[in-house]
Structures are given as C-alpha cells and as structure tokens.
Amino acid sequence: MDRDPRISRRVVLQLVGAGATAVGATACSRGAPEHIVPYVEQPPEVTPSVPSRYATVHTLDGYGTGVVAESHEGRPTKLEGNPRHPASLGALGPLEQASLRDLYEPSRLRALSRRGTPVAWHAFASAVSAAPPAGKETHVLLEPTSAPHLVDLVERVRRRGAVVHFDAALPRRNAYDGARRAFGKVVEPRYDLSRAAVVLALDADFLAATRTPHAWARAWASRRRVDAPGGEMSRLYVVEAALSVTGMAADERLPVQRRAVQDVAADLLSEVLALRDRRGLPARQGTSPWARVVARDLAAHPGASVVMAGDAQPPDVHVLAHALNEALGNVGSTVTYGPSPVFEAGEASHDAAALSQAIDAGRVGTLLVLGGDPVYASPRAADLARRLASIGTTAYLGARDTATARACEWTCAALHWLEAWGDALAFDGTPAIAQPLVRPLVDGRSVAQVLAWLAGMGDVASHDLVRDHWRARAPGDFDRFWRESLVSGVIATGTAATMDVAVDWTSLAAVVTRPPSAPVAFEIALLADPKVDDGRFGDNAWLQELPDPVTKLTWDNAALVSPSTAARLGIADGRVLELDVRDRKLTVPALVVPGTAEGVVALAVGYGQRVSGTPAEGIGEDAYGLRTSSATWFDEVEVRVTDETRALALSQEHSSMLDRPIVLTRTAAEYRDDPAFAKPHEEPTETLYDLRPDAPHQWGMTIDLDACTGCSACVVACMAENNVPTVGKGGVRLGRAMHWIRIDRYFSGDPRAPQALVQPMLCQHCEKAPCEYVCPVNATVHSHDGLNEMIYNRCVGTRFCSNNCPYKVRRFNFFNYNAGKAPSMALLMNPDVTVRARGVMEKCSYCVQRIREVEIVARREQRRIADGEIATACQQTCPTGAISFGDIADPSTAVSRVRRNGRLYAVLHDLGTEPRTRYLARITNPNPELHPA
Amino acid sequence: MRALFPPWSDTIFRICLALAVTGVLAVPTAMILWVRTPYVTKQGDPVDQPIAFDHRHHVRDDGIGCLYCHYEAERSKYAGAPPTSVCMNCHSQVWQESERLAPVRASWFSGKPLRWARVHQLPQFVYFDHSAHLAHGVGCDECHGHVDTMGEVHAVAPLTMQWCLDCHTDPAPHLRPKGEVDNPDWVPDRPRRELGEQLVRELHVDPPVSCTGCHR
Amino acid sequence: MHSGVVAEFETPEALERAYDALRAKGYSRLDTWTPYAVKGIVRKGPESDVAWVMLVAALLGGAIGYFVQWWVNVSAFPIDVGGRPLHSAPAFIPIAFESAVLASAVTGFVVMLGHCGLPRLHHPVFEIEGFERASIDRFWLGVDERDPLFEGDVGEELATLGALRWTRLEAPP
Amino acid sequence: MSATAPALQLLREEPTGGEEVLLRGGSDLELTDTLLAPLWQQWPWLRWALGITGLGALVLFGALTYTVLTGIGLWGNNIPVAWAFAIINFVWWIGIGHAGTFISAILLLFEVRWRTSINRFAEAMTLFAVVQAGLFPIFHMGRPWFAYWLIPYPSEMGVWPQFRSSLPWDVVAVTTYFIVSLLFWYMGLLPDLAAARDRAPTVLRRRLYGVAALGWRGELGHWRHYRIAYLVFGGLATPLVLSVHTNVSFDFAITQLPGWHSTIFPPYFVAGAIYSGFAMVLQLMIPARELFGLKDVITKNHLDNMAKMLLVTGWVVTYTYIVEPFMAWWSGDTYEIYDLLVDRPFGPYAFVYWGVVFCNCIAVQALWMKKWRVSAWRLFVVACFIQLGMWSERFMLIVISLHRDFLPSSWRMYVPSWIDWTILGGTVSFFLFLFLLFLRFVPFIPISELKEMRHEMRRRRA
C-alpha cells in the first residue's frame with residue numbers, strides 16, 4: 001500500500017462535508033448542530049483554511065507538464081502550471097487541469113477484481129506474474145512513457161523474459177518516422193517561437209494540441225502583442241484540413257484536404273530552395289502561387305522562421321518540414337533538436353502490430369495491459385477484443401472502467417497520478433518528480449508497482465520505487481536533491497542536450513518531385529479531440545461540457561464539414577451522415593464549420609464509448625471504428641445523407657458579429673494607418689452618475705485578443721476554482737451552461753476562408769452595471785474596490801439582472817446542480833467559494849476569494865497589496881498570458897500599463913456600462929501579396 | 001319581524017374584525033421579533049460537549065491564554081478546537097488518570113479525533129476570518145464573551161448580520177491594543193471610543209463593508 | 001336613529017315629497033332608508049368629508065412611501081448600485097404614488113364605514129316588519145324621537161304625506 | 001330564463017333598446033328578483049363547469065408545487081431568455097385585469113351610462129385576473145420562499161430592498177391595485193349584498209349575505225358618504241389603472257435591452273392592457289349573458305359600445321406597433337434596428353410577430369361593420385383573436401427581445417416546456433373557476449345602481 005506521510009485520509013473524509021452546499025437559511029431557523037473535528041495531531045505543514053501547494057507533474061503519453069497542486073486540508077482542489085517547468089511556464093491546458101476531477105470521479109475503478117468478483121492484490125499479482133505455459137510469453141502493453149523510474153522497471157521486466165510493447169491511441173509514429181527518414185534517427189524538434197518572424201504550421205496545431213508544451217504558445221504570443229502602431233509582429237501561416245485553434249490564430253490560412261498538405265509542403269520546399277540553394281534537388285513543376293508567395297516570405301526571414309508538421313501528416317511532410325527549416329537556416333536558431341523524452345520513441349516496441357502478431361502466433365500466455373484502452377481505440381482490423389479472448393491470462397490496470405477492463409480477466413484499479421509517486425520528462429527531457437497529493441481513494445496500484453511485482457521486487461510502494469531510482473542518480477547529497485526537486489518541481493540539471501543532425505537531402509528528390517495527389521470527393525480527417533483526448537477523459541464532465549474551442553460543441557462529436565460541402569450535400573447542422581470508409585460504416589450528425597477544407601469530413605476520436613454505467617457511455621460516435629492500421633488519420637470516405645437529424649449541444653449557436661463592436665480587429669497595416677481606431681470604443685462617455693468606488697485598490701482586467709488563441713484553458717481553470725457545476729448535454733442544449741468565462745468565437749469574411757475571432761467573455765464588472773440597478777434585493781451591488789459583486793445568499797432569483805446584462809455572462813442555477821452528486825465530488829470543491837444553491841444567479845467574481853485572501857494577509861501585515869500578488873484563475877493558467885489583472889488605480893501596475901496600449905477598447909462601449917474588463921483589439925498580419933488590391 | 005342578527009352579533013363581529021386586523025399586523029411583527037430572540041440565535045444555549053472542559057479552570061486557575069490552545073486564530077480563518085496533542089501536552093503529565101479525561105486519552109491513543117459540538121455556528125456562505133480580526137485588535141471576548149467565566153461555553157453574541165455590520169461600520173468602540181486581544185482582564189485606560197479611534201488609525205482598521213468581504 | 005317613527009313609501013318621489021314637507025315644518029332629525037341613493041334627498045344634506053380625509057391620507061401615504069425608500073437606500077443601507085446616486089429620486093416616484101393611492105383608498109374605505117357606523121349586523125330598524133324591502137323597492141322615512149318637534153302623532157302626519165304605513169321604532173332595552 | 005323575467009321579454013331583440021327596456025321593464029322588485037335569480041337557482045351546467053375548472057386549478061397548484069420543489073429548470077427558460085412564460089402570463093393577466101377598473105373608474109368619471117350593466121362583472125374579472133397575475137412574480141423566482149425580501153422590513157441581516165429596481169415598484173403597484181380594486185368592488189357590492197340578504201330564500205343564506213353586507217341599511221348618511229367615497233375611489237383608481245401597467249412596462253423599459261428600452265412602453269402597455277381586458281370582458285360576458293338569459297340587461301347596445309372601445313384601443317395598439325419600429329429606425333441604433341426591423345418580422349419567431357399583427361391590428365377591423373359589433377358570436381370570435389394576439393404580443397416583446405440581444409454569441413431559441421403550458425392553462429382554469437364562483441354567489445349586475453339609473457332616467461323623461 002502506498003504511504004504518504006503527510007496527509008491522513010481520515011482528515012479528507014472528515015472534510016467531506018466541508019464543501020456541502022450553502023443553503024439559503026437565514027437566522028430565522030435554528031440550524032442543525034454542527035461539530036468541530038480537530039486533528040488528533042496536526043501535521044506541521046497544515047494550517048486549517050490555508051491551502052498548501054505542492055509541485056508535481058502530469059503526463060500525457062510520456063510528455064510531462066509541471067503542475068502545482070493546491071490542497072485544502074489534504075484534498076487537492078486545483079491544479080496550476082508550475083512556472084519553473086519548461087513545458088508549463090505556469091500554464092496548464094484544459095486536460096491537465098480537468099484530470100483533477102477524475103481523481104474524485106465516482107465511476108472510476110475502485111478495486112481489484114476478476115471478472116467482476118473482488119479479489120485481493122496478492123491474488124491478482126500472483127495470477128499475472130505466474131510463469132506462462134511452456135512456449136508462451138508474458139507480454140506487457142504500456143502507454144508511451146518517459147518516466148525514468150518506469151524505464152528502469154521495463155528493463156528489469158524484460159530481463160525476466162517478458163515482452164514490453166508501447167501503444168498510443170494517438171500515435172506520434174509519423175513524426176518519429178519522418179525524423180528518422182530526414183536525419184537517420186528519431187529526434188524531437190524544439191522551437192523557439194519567440195524568435196520566429198514567420199511560422200508555418202503544416203496541419204500542426206502547436207498552440208493547443210494536447211502534447212505540445214504550453215511554452216510554445218507563450219513564446220509565439222510574445223511575438224504577437226503589438227504595443228504600438230507599426231510594431232513588429234510575427235506572421236502565422238497555417239495549412240490544414242479542419243479548423244484548429246492554431247488555424248483560428250493564423251494570419252494566412254490555406255484549407256486543403258489532408259492528403260494535399262504534402263503537395264503544398266513540396267511546393268514550398270521547391271520554391272524556397274529556388275530562392276536559397278537548390279542543394280542538388282530538381283525543381284518541382286506547377287507549384288501554386290500561394291506557395292510561391294509564402295516561400296518568398298519564409299526566405300526573406302532566414303533563421304527567423306519555423307516550419308512544423310503535425311502528427312496527422314505522413315512522414316514525408318515531416319521530412320519536408322525538417323528540410324525547409326534547414327534550408328531556411330532555422331536550425332540552431334529557431335529550431336533545435338533533442339532526443340525524444342519518450343522511451344524507445346519510434347522503435348520496434350512502439351509498433352502496434354507486433355503484439356497482434358504475437359497473439360496470432362499463439363506466443364502470448366499472459367497479457368498485461370497497463371493503462372490506456374486499446375480494445376476501444378485500436379484500429380478495428382486488429383480486433384483486439386477477439387484476440388484477448390484467446391489468451392490464457394489477461395489483466396488490465398487502469399483508472400477508468402473501459403472496454404479493455406471489461407475484456408480482460410483480471411482488473412486492477414490504477415492510482416490516479418495525484419495518488420502515487422512518479423516522474424516524467426518534459427518535451428526537452430527535463431525530469432520532474434510527481435508527488436502524490438492525497439492518499440489513494442481507491443484500492444489500487446500504480447503502473448510502476450505492477451511492473452515491480454513482475455520484476456520480482458514484490459509489493460513496493462511507489463514512493464520507494466521513485467526514490468530509489470533517483471537515489472542512484474542524484475548528484476551530491478540525495479536528501480537535499482530530493483527535497484529541492486520536490487519543492488521546485490523540476491530537476492533542472494536533467495534537461496537533455498540538443499543534438500546536431502543534418503537532413504539527408506538525397507532522400508528528398510523523390511518527395512519533392514512526386515506529382516500532386518489527386519483530390520478525393522470526400523476525405524475523412526480524424527482529429528485528436530481537445531477535450532476527451534483519445535477518449536481517456538470521456539468520464540470527465542468538465543471536459544465533456546467544455547465547448548470545443550473551434551466548433552463550440554459539447555458532450556458530442558460531429559462530422560465537421562464546410563458550408564460549401566454542406567450545401568453540396570444539402571444538409572444543415574444535426575443532419576446525420578453515414579460515413580463509409582472501406583466498408584466501415586458510422587452514422588454521425590454533421591456540423592457546419594466555416595474554414596473546414598472543401599471535401600473534408602472531420603471527426604474527432606475519443607467518443608462513442610460503450611462501457612455501460614460510465615459517464616462516457618453513449619456520448620458521440622466512435623471514430624476509431626473508421627480507422628484502419630494503414631490509415632490512422634485520414635482516408636477516403638463515402639458520405640451518404642440520411643433522413644435522421646440529431647440535436648447537438650452547442651454552447652454558441654451564432655457566429656456572425658453583424659458588424660457590431662464586439663471583437664475589434666485590424667490588419668497591421670490598417671493599424672499603422674489609423675492608430676486611433678480603438679479610441680472611440682474606449683474614451684470616457686457622458687454620464688449623469690458620478691458615484692465612484694473609493695477604495696485604494698481598484699481591480700480591473702485586460703484581455704489581449706492578439707494573444708488569446710481560444711484554447712479554453714481558462715474555462716476549466718475557472719470551473720475548478722469557482723466550483724462551477726456542469727449541467728449535462730440537455731442543459732447545454734437548453735442554454736443553461738454555467739461557465740463563468742466562455743470563449744466566444746465569431747467568423748467574419750468569406751465563409752470559405754473565414755477569419756475566426758475568439759474572445760473570452762466573462763463578467764465585465766461594469767462601473768455602471770446594468771445588472772445591479774434592476775436587482776430588487778441588493779443581491780448584486782458594487783464593492784468599494786470596483787467589483788460587481790454577486791451575493792448568492794441574498795439572491796431570490798428574479799433573473800432580471802441577466803436580462804439587463806448586455807454581455808449575457810450571468811448564469812442561473814435552474815436546478816440544484818450539486819444535488820445527487822457522489823460524496824467524493826464534494827472533496828473537489830474549493831472551500832473558499834460558496835457552492836451555489838438552486839435558484840440563484842452566479843457569475844464571474846474576478847476570483848474575489850483570491851482578492852480577499854490576499855487582502856486579509858496584506859492587512860494583517862499592514863501593507864499594500866503588491867502588483868501581481870493576486871492572479872485570477874483564468875489569468876494564472878493562460879498559456880499565452882493574454883489576461884492581465886490588477887489595480888487599475890495604480891499607474892505602475894502591469895494591468896495599468898496594458899491599459900495604456902492604443903488597442904485598448906471596451907466591448908459595447910457605446911452602452912455606457914464602463915466595463916472594468918477591457919480588451920486589446922486583435923491585430924492580424926496578413927501577407928499583402930496574397931491579397932492583391 | 002325578527003331581525004336576522006341578534007344585538008350581540010355586532011360585538012362578536014367587530015371583535016372578529018379587530019382580531020383579524022391585529023393578526024395581520026401582529027404576525028409579521030412577531031416573526032421579526034422572533035428571529036432576534038436568543039432562542040433562534042442560540043445565545044446562552046447550553047451545548048453538550050464530549051468532555052466537561054472547564055474554561056474557568058484553564059484560563060482563570062491555570063492562567064492559560066486563549067491563544068495557547070486556539071493558536072490557529074492568529075494565522076487562519078479558523079480558531080477551531082485544538083488537536084488532541086495540545087491537550088496531551090499537559091495531560092500526559094497532570095491528571096493523567098482522571099476519568100473525565102478518558103475521552104482525550106482515548107482519542108490520543110486510538111487516533112480518532114474528538115468531536116466537539118460547535119458553539120458559534122455561521123452559515124456556510126459566510127467567510128469569517130479570525131486572523132483578520134485579531135490583527136486589528138478585536139478581542140476574543142468581543143464576540144465570544146467572557147469564556148473565562150463560563151463552565152460550559154455558550155454563545156453570547158447573536159451572530160446576525162446586523163450585529164456584524166454594527167461593528168464593521170463603526171469598529172472603534174470594539175477595539176483594544178493588539179497585545180491585549182486574548183487578555184480577559186483587559187480594561188481600557190481611557191474612554192473606549194477615544195482609544196478605539198486611535199487604534200483605528202494605528203492599526204489601519206478599515207473593515208470591509210462590501211458584500212464580498214464576507215460572502216464569496 | 002334608534003328610536004322614533006318610521007314610515008314606508010312606495011316611490012322615491014313620494015319619499016322626497018314627504019321628506020321635503022317634514023323639513024319645511026322644521027323637523028331636523030330625519031332619516032331615510034332607500035334601495036339606492038335618491039339624489040333629491042342625498043344632495044340636500046351636508047357634504048361628506050370623506051374626500052378630504054382621503055386627500056390627507058394620500059399625501060401622508062405618498063410622503064411615507066417616499067421616505068421609506070429614501071431612508072432605506074440612502075441612510076439605512078447605502079451601497080453603490082450600478083454607480084447610481086444613493087438618492088435616485090425618479091426611481092422612488094412610482095412607489096410613492098402607489099403608496100399614496102393605497103393609503104388613500106384604505107383610509108377612505110375605513111372612514112366611510114366608520115361614518116356609516118358599519119359594520120353593524122344588528123340594528124333596531126331590522127326589527128320592523130317589511131323593512132327588508134328597504135333594500136329592494138321601498139322607501140322609508142323616519143323621524144327621530146330626539147327631534148325637538150317629535151310628538152306621538154308624527155306617524156299620522158307621515159300617513160297623510162303618502163306613507164303606505166307607519167310604525168314606532170323602539171330601541172332595544 | 002324567460003320564466004323568471006317576463007317583464008323583460010319585451011323588445012329583447014331590439015338592438016339598441018337598453019334604455020327602453022329598462023324604462024318599460026317591470027317593477028324594481030321584479031328587476032331585483034330577475035337579477036338575483038341566478039343566486040338562488042340551480043344551474044346544472046355550472047356544476048360541471050366548476051368541476052372542470054376546479055380540476056384545472058388543482059393541476060395549476062400541482063404544477064406550481066412541482067416547480068417550487070424542483071426548480072424553474074422545469075420551464076423552458078434559459079440564458080438569454082431568462083424571462084418567458086411566467087412573465088408573459090403575468091403581463092397578460094395583469095393587462096386583462098385593467099379593463100374592470102377602467103370600466104368602473106374611468107367610465108364612472110366620464111358618466112358613461114352603459115357602464116352600469118357590466119362594471120361589476122368587469123371588476124370581478126379584474127380581481128381574479130390580478131390573482132392569476134400575482135402568482136407569477138412569486139413563482140417565477142428561483143427562490144420564491146424569499147419573496148418577502150422585496151418588502152422593506154427590519155431584517156436581522158440589516159439588508160433592505162433596492163428601490164431603483166422596478167420589481168419592488170411592481171410589488172407595491174400590484175398589491176395596491178388588488179387592494180384598491182377589491183375595496184372598490186366590495187364597496188359597490190354593499191347595497192346589492194343587502195338586497196341579496198333581504199331576498200335570500202333561506203335563513204342561512206340571508207345570514208351569510210347579511211354578514212357580507214356588513215349591516216348596510218341604505219340610510220341617508222350611508223348614501224351620503226358612500227357616494228362621495230365611491231366617486232373619489234373612481235378618481236383614485238383612474239390614475240392607478242394607468243400607473244399599474246406603466247409600472248409593469250417599466251420592468252422592460254428601465255432596462256437597456258433592445259426592444260425593451262423604450263419610452264413608448266407605458267402608454268403602449270396601458271393601451272394593450274385595456275385592449276385585452278375589454279376582449280376578456282366580452283369573452284366572459286357573451287357566454288354569461290347567453291347562459292343566464294340576461295340579454296336585456298347586457299344588451300346589444302353594450303356589445304356595440306364595447307366593440308367600439310376595442311376598435312379604438314386596437315388602433316392605439318396598432319399605432320404603437322407602427323411607432324416602435326419607426327423609433328428604432330429613427331434612433332439609428334444597430335441593436336434596436338435589428339430587433340424591431342429584422343428579428344421580429346423575419347427572425348425565427350416571425351410567425352408570432354405576424355400573428356400579433358393579424359390578431360391585434362387586422363382582425364379587429366371587422367368591427368367597423370355594425371353587423372360584427374352587435375352579433376354576439378362574431379364579436380366573441382374577434383375577442384378571442386385579440387386575446388390570443390395580446391398574449392402573443394407579450395411573447396413577442398419578451399422572448400423575441402431577449403433571445404437575440406447584443407452579443408450574437410449568446411443568442412438562443414426559447415421553447416416552452418409542458419410545465420409552461422400547464423401553468424398557463426392552469427391559470428385560465430383557476431380564473432374561470434373563481435369567476436364562475438362569483439357568478440354563482442355574487443350579484444353580478446349592479447342592482448342598486450341599475451335601479452338608481454332607471455329612477456334618474458324616468459325623472460329626466462318626466
């Protein structure tokens with residue numbers, strides 16, 4: 001059993017009641033007596049009511065992201081990025097943050113069992129470690145990993161004769177193969193986007209894809225903020241099939257079928273080489289005008305551009321990207337290479353077919369699937385479930401009740417990463433220790449513990465496994481190393497050195513001269529989902545309810561088609577299409593998304609899970625069913641329109657701004673010519689009312705639309721911080737989503753190549769708040785420091801405030817959304833924020849609990865609150881730092897500096913609401929050569 | 001002809017009418033008064049505790065200050081009840097055989113916490129912070145009364161919002177020097193308001209009167 | 001009136017004639033009971049003061065209504081609401097007006113009943129045979145015995161003035 | 001009914017013979033008995049009607065209880081359409097409630113004589129409509145059990161209501177309106193309750209009406225105070241009627257929502273209120289006059305006059321329908337223009353808009369024809385159209401304005417739930433139930449006033 005010396009589970013359980021809902025009882029009722037249950041012996045690091053913060057690391061398919069977890073009396077309630085971790089720099093995406101919720105998810109696997117019958121650990125352990133019958137082997141299937149202590153264990157297990165495979169539902173095979181073809185070995189590119197004047201993304205969603213570091217988005221954004229008219233900014237070209245977060249941020253976007261990206265890349269390389277150095281390669285015939293213009297732009301910025309290719313693109317596109325970078329002189333400047341943090345990346349152990357072949361050959365006596373859900377996610381050609389049935393002993397270790405868990409004989413609950421010790425490498429090889437925040441809430445084991453048993457080490461605590469691994473490697477005094485590593489959350493000395501590699505130009509001739517691929521009538525593009533990822537977050541209500549950053553779809557996946565394709569098919573949103581990929585059929589509702597390439601049907605994987613009794617059951621359709629082992633990411637598809645229509649739960653149903661002053665945007669050239677364009681949307685307006693808040697600090701926020709990508713990390717941060725409930729698919733469809741901050745997404749311009757605009761919309765904290773004067777009971781009023789306060793316990797629920805809110809950011813508890821939740825979900829609640837009762841309004845409070853906590857400490861210490869001392873949850877987690885918050889009465893604060901930017905404006909300024917939340921207009925940097933006048 | 005109603009019916013009818021009118025006025029008035037009664041606010045309610053802990057003895061006889069046991073009050077929202085270990089600091093030495101202390105020892109040796117009954121109960125949407133009050137010279141007995149003279153602790157203050165606001169809008173008469181917050185014997189050396197106003201300036205006492213000061 | 005002589009008339013015109021005749025003779029304490037207001041008689045009496053009472057009540061009610069709002073939003077619980085002034089006079093007018101109407105109406109109703117001596121379920125006149133037609137189609141005239149001119153034969157006099165019949169009205173002991 | 005009213009049989013079909021009928025009709029006693037007869041008679045259909053509407057009322061209470069226990073999420077409301085059926089129904093019912101007092105008070109002040117036959121009726125309708133309306137502000141709240149927080153009382157929390165909001169205005173206005181209307185109605189009833197007391201067939205009923213009549217004797221002093229008080233009540237009620245729907249319109253006009261933010265709202269609402277109120281009077285009066293055989297008291301003359309009132313208010317309403325979009329266009333305000341000139345006529349709820357135009361502006365034009373004005377069933381059909389139109393108008397004002405406001409990102413459709421429909425139907429039932437009880441137990445034609453009027457007319461003729 002895992003032991004954590006710091007936190008007793010009892011304390012956690014005692015505090016189960018702490019997050020109980022606030023009932024609206026006034027003093028007119030004699031409440032039921034409460035109890036005070038003190039510690040028997042208070043842990044020295046715990047001060048009740050003062051949260052503790054611990055550094056740890058979250059891993060997705062081996063890529064670690066540093067996390068700082070906030071713990072209230074022993075229960076983690078909020079995850080934030082670790083500023084010292086290179087992949088995070090303080091930011092976290094939606095997935096890492098929401099994975100906290102999985103810890104408390106009542107449907108997670110809770111114990112060990114054999115075909116549904118509970119068993120003890122030793123029964124499980126001895127069954128899976130028993131020697132397989134003669135002629136058979138033990139095979140272990142792992143998710144890709146970078147954890148150094150696991151690598152140790154894998155070696156040990158292999159030494160005992162077991163075969164270890166790695167498999168991911170979203171494989172990075174293409175990237176690894178591409179690197180191998182280009183350089184002869186697997187390397188991982190690292191980009192310095194802060195030095196890139198031109199960025200070209202070839203179907204690469206580097207701003208939000210779930211395994212890329214948040215650091216890249218931050219670096220990119222640093223070149224996007226225009227401080228003055230005519231200021232420098234980078235230019236982003238995106239070539240892609242389905243609109244992505246990166247595509248929405250693009251200055252120039254070329255929507256093409258996935259199969260055609262390679263042609264564009266080849267065109268570009270040919271043109272770039274023509275401008276730079278042919279390197280002995282033949283010129284490509286019939287290159288597109290687009291490619292010629294972009295190539296000129298790239299070539300004009302030698303050593304200051306970045307070309308990247310996405311995982312969905314075949315290896316040749318990666319080769320072309322590497323070649324472009326080398327040809328443009330980027331290598332060593334904006335692009336460097338290092339080893340992949342993933343253990344045996346691109347090697348034979350990562351070949352998914354190997355295991356199938358072993359099973360078919362009858363060599364597998366025992367199979368242990370440690371994590372993942374291969375039965376659900378494997379290409380159906382593999383038909384893993386059938387194969388599993390033919391194996392003598394099958395065992396599964398996982399956090400969720402998955403199809404694989406159901407298909408295996410033995411199952412063991414996996415410890416959540418916040419329950420076990422571990423470690424992981426960042427994209428650049430920087431190691432970090434994962435320390436648990438809570439004693440396990442389930443009877444389970446970590447992957448490492450199972451491997452240790454297989455390795456004959458017995459039942460070892462994960463703490464010992466990790467510690468012993470690092471003890472052997474620590475420089476100097478181990479205890480000190482250990483303590484410092486835990487405190488800072490990174491082992492800084494461990495960053496992997498860069499590698500010098502060179503493109504093998506000879507291999508490129510065939511690629512460059514390959515004739516363009518013929519377009520197909522319809523191409524299916526399978527998308528990695530930004531919410532449920534490969535399906536692993538299917539049970540996570542925060543993520544299911546999170547609107548997709550691009551489509552705004554919740555609780556579902558849909559076949560995304562462009563408006564013109566929809567017109568060609570004669571369909572509208574919700575019309576069910578039958579997709580047929582080589583006789584694999586799937587019916588799925590369509591959703592029209594401008595910006596989708598013509599002839600592309602894009603569909604996210606990770607939905608359509610069918611494990612009965614799990615929250616993910618029946619949500620969306622299973623796109624893995626359309627996958628073949630040869631076509632992981634795209635294929636030709638036949639599309640038939642059915643008569644059926646299904647309702648989709650969209651958080652936003654209208655995407656046109658109707659020329660209203662909502663998102664202000666200009667091109668860099670326009671801004672240069674008209675530097676005061678935002679002024680009319682910012683200047684003080686006439687008012688009859690001169691009552692002003694009078695406290696020394698006046699809080700305000702700015703959001704830089706140049707930096708905001710719409711990735712939606714802030715939405716999840718806000719949900720976690722503010723106990724925002726989920727309302728389910730039906731609730732979203734009715735228009736009752738509770739998000740305090742939402743990302744509005746508008747399209748403007750040509751629907752075939754629209755400009756996508758994103759805008760985080762939250763309470764604007766208007767000085768002349770329209771919501772306040774219509775409240776009959778003073779339940780929403782203004783604070784002395786300028787906040788628009790919402791007092792839940794005073795609210796009677798007339799909803800008048802929402803009617804009069806021009807920004808429609810107020811949310812109403814139509815039902816008691818916390819009723820009927822599992823008791824464990826109460827542990828998730830932030831005790832500093834009231835859990836709202838039924839019938840009351842709620843909205844963004846600027847994280848007033850954080851303001852007041854800091855204020856109390858500052859008052860206690862008889863000092864002013866320093867700039868930056870208070871960060872709202874959305875601001876804290878924003879990967880691009882788009883959000884600033886602070887005292888606007890003090891001209892020296894960061895937010896005041898931002899407010900002096902010429903792009904500053906107020907949304908719907910002419911209404912005279914004088915919002916405290918201001919935006920910085922978005923400046924785009926299109927290439928004028930692509931837009932001849 | 002006989003009249004429909006006998007003469008006395010007038011009196012009955014008018015009494016009924018008067019009662020109805022009185023009722024319409026009296027019922028809300030009674031309710032408004034009712035919520036202020038000590039019964040509702042639980043002022044002075046005896047509270048059964050698992051251990052007959054006598055504050056008089058500990059504070060008066062032994063001279064133990066409030067903050068010895070309730071040490072979190074200066075840095076936390078909660079003053080709370082002390083962990084069993086604090087009891088055992090002394091009671092592993094003195095009265096270690098006492099029957100009355102059996103539950104304390106049971107807790108200590110079993111690791112099961114004591115369950116004290118809460119005396120001062122605030123609704124869950126109220127975020128009260130002990131440390132903020134102590135830091136600004138609000139004495140313990142300002143809200144808790146003279147616990148040092150109580151055998152069993154009972155609530156003295158009504159803890160209604162109006163009661164909170166009374167002090168938040170005019171804190172001066174409720175302040176004392178910071179060092180005296182847990183001194184039950186403190187007496188002001190000059191008129192309370194005069195002292196209070198000086199303390200307001202010295203300790204920068206500016207209690208929040210915005211709603212989110214307490215409701216978040 | 002509680003005692004005296006009352007007489008029944010068939011038509012309002014007859015009642016009016018009799019009423020005028022008695023008034024002409026100097027009777028001052030006359031009373032009538034009619035199914036509806038007979039204007040010829042009602043208009044001869046003094047004006048009711050109910051209207052003035054209602055006016056005063058209206059002014060008072062309006063003032064109180066305004067004051068409560070002012071006191072609540074300016075003095076008792078001053079708080080920044082949407083940056084609007086604490087004393088938002090235009091916003092306080094509707095309630096002040098409604099309070100005026102309410103105070104006036106309730107006062108008017110109560111005072112009207114009070115002036116009429118109502119509610120009073122029992123009254124000596126109800127003992128009179130046939131008086132129940134007073135609310136339907138008969139018109140009654142009464143002379144109070146406290147009238148200085150009251151004499152025993154006033155009933156006969158009423159009969160001569162066209163009364164269908166007359167009877168003595170006795171206050172209960 | 002012919003058996004009970006032989007005196008009134010003459011000239012029954014004469015279209016404008018109300019006055020003649022009254023003058024030539026039988027004695028006061030006969031008139032009184034005719035008008036009181038419904039109180040003493042058994043009406044078999046009434047039992048059924050009461051049963052059905054009573055059941056409907058129970059369904060209403062059930063739906064409201066379910067809502068309070070579960071949450072108003074049972075309704076179709078959402079964000080942005082945070083107000084929908086409940087507020088539509090509130091405005092509709094309170095609007096209907098305006099006709100009664102309008103007829104009683106304003107027509108009293110203008111000495112419109114034909115008012116007399118219908119004012120009691122209309123006042124009762126007002127009261128019961130206000131009862132329905134009063135349910136909604138309370139039950140539409142998220143936490144109706146705290147509705148009393150809108151009343152300024154010395155709370156132990158030290159918190160008070162906020163009077164810049166129009167909702168406390170509404171509380172006071174609707175309460176005042178109900179109380180004043182009740183007192184006005186009751187005051188007018190006193191002489192007739194006394195008559196009922198004196199004509200009731202059983203002692204029990206006589207006693208019950210006796211208590212209700214408070215001992216009214218029709219004394220000279222009674223009439224003296226009563227007449228003045230009643231007149232001043234009329235004077236009070238007149239601005240009150242105008243103020244109540246003005247207040248209701250403030251619930252919209254004080255906001256800045258496009259489609260709501262409009263200075264035309266107070267007169268617009270008042271006109272609409274009277275329009276639907278008159279339609280409701282006709283909808284109730286036409287069947288009642290048929291069922292109780294009162295065609296001689298509520299004559300075609302009355303129908304004709306009421307129809308003319310409909311035509312007038314219909315044109316006022318039509319005028320506002322024209323001015324509203326004009327003002328939007330004139331203002332140049334993008335949001336107003338979108339709401340009034342794009343979304344209403346051509347948006348997803350366009351069918352509501354055009355339905356409103358048809359019902360409220362076009363259907364009523366039939367009343368230019370005398371044939372339609374004096375034909376009971378034709379008028380009834382027109383009144384039904386108007387009622388539907390006025391309900392839909394509130395739907396148009398509330399839902400269409402809310403569902404698309406400033407930021408298109410928050411635009412969303414509103415679809416009522418079955419609970420919404422149940423509650424709407426339930427209030428109609430409850431209203432009819434109360435109204436039938438009124439018809440059954442209360443003299444619904446002002447007898448005393450009618451007799452007085454006849455007396456006055458005779459005197460004038462003489």
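Tutor: Here are a few terms, each taken with its cut-offs.
Tutor: This is a predicted model, where local features need pLDDT of at least 70, side-chain atom pairs count only at pLDDT 80 or more, and totals for chains, interfaces and linings use all residues. Residues are numbered from 1 along each chain as its sequence is written, chains are lettered from A and ligands numbered from 1 in the order in which they are written, and side-chain values use heavy atoms, with hydrogens and water left out.

Student: Why is H4(D) called roughly perpendicular to H9(D)?
Tutor: Their axes, lines fitted to C-alpha atoms over the stretch in contact, with angles from 0 to 180 degrees between N-to-C directions, come within 7 Å and cross at roughly 75 degrees. Angles of 65 to 115 degrees count as roughly perpendicular, under 35 as roughly parallel, over 145 as roughly antiparallel and the rest as oblique, so H4(D) is roughly perpendicular to H9(D).

Student: Which residues of H4(D) and H9(D) meet?
Tutor: Contact means heavy atoms within 4.5 Å; among those that meet are D:Trp92 and D:Phe102 in H4(D) and D:Phe269 and D:Met280 in H9(D).

Student: What makes chain B more spread out than a compact globule?
Tutor: The globule rule is 2.2 Å times the number of residues to the power 0.38, and the radius of gyration is taken over C-alpha atoms. For 216 residues the rule gives 17 Å, but chain B has 25 Å, well over that, so chain B is more spread out than a compact globule. Its C-alpha atoms fill a box of roughly 100 × 50 × 35 Å along the principal axes.

Student: How much of chain B counts as buried?
Tutor: Of its 216 residues, 41% do, with buried meaning under 20% relative accessible area, exposed over 50% and partly exposed in between (1.4 Å probe, protein chains only).

Key:
Helix = DSSP H or I, 4+ residues; strand = E, 2+ residues; numbered from the N terminus.
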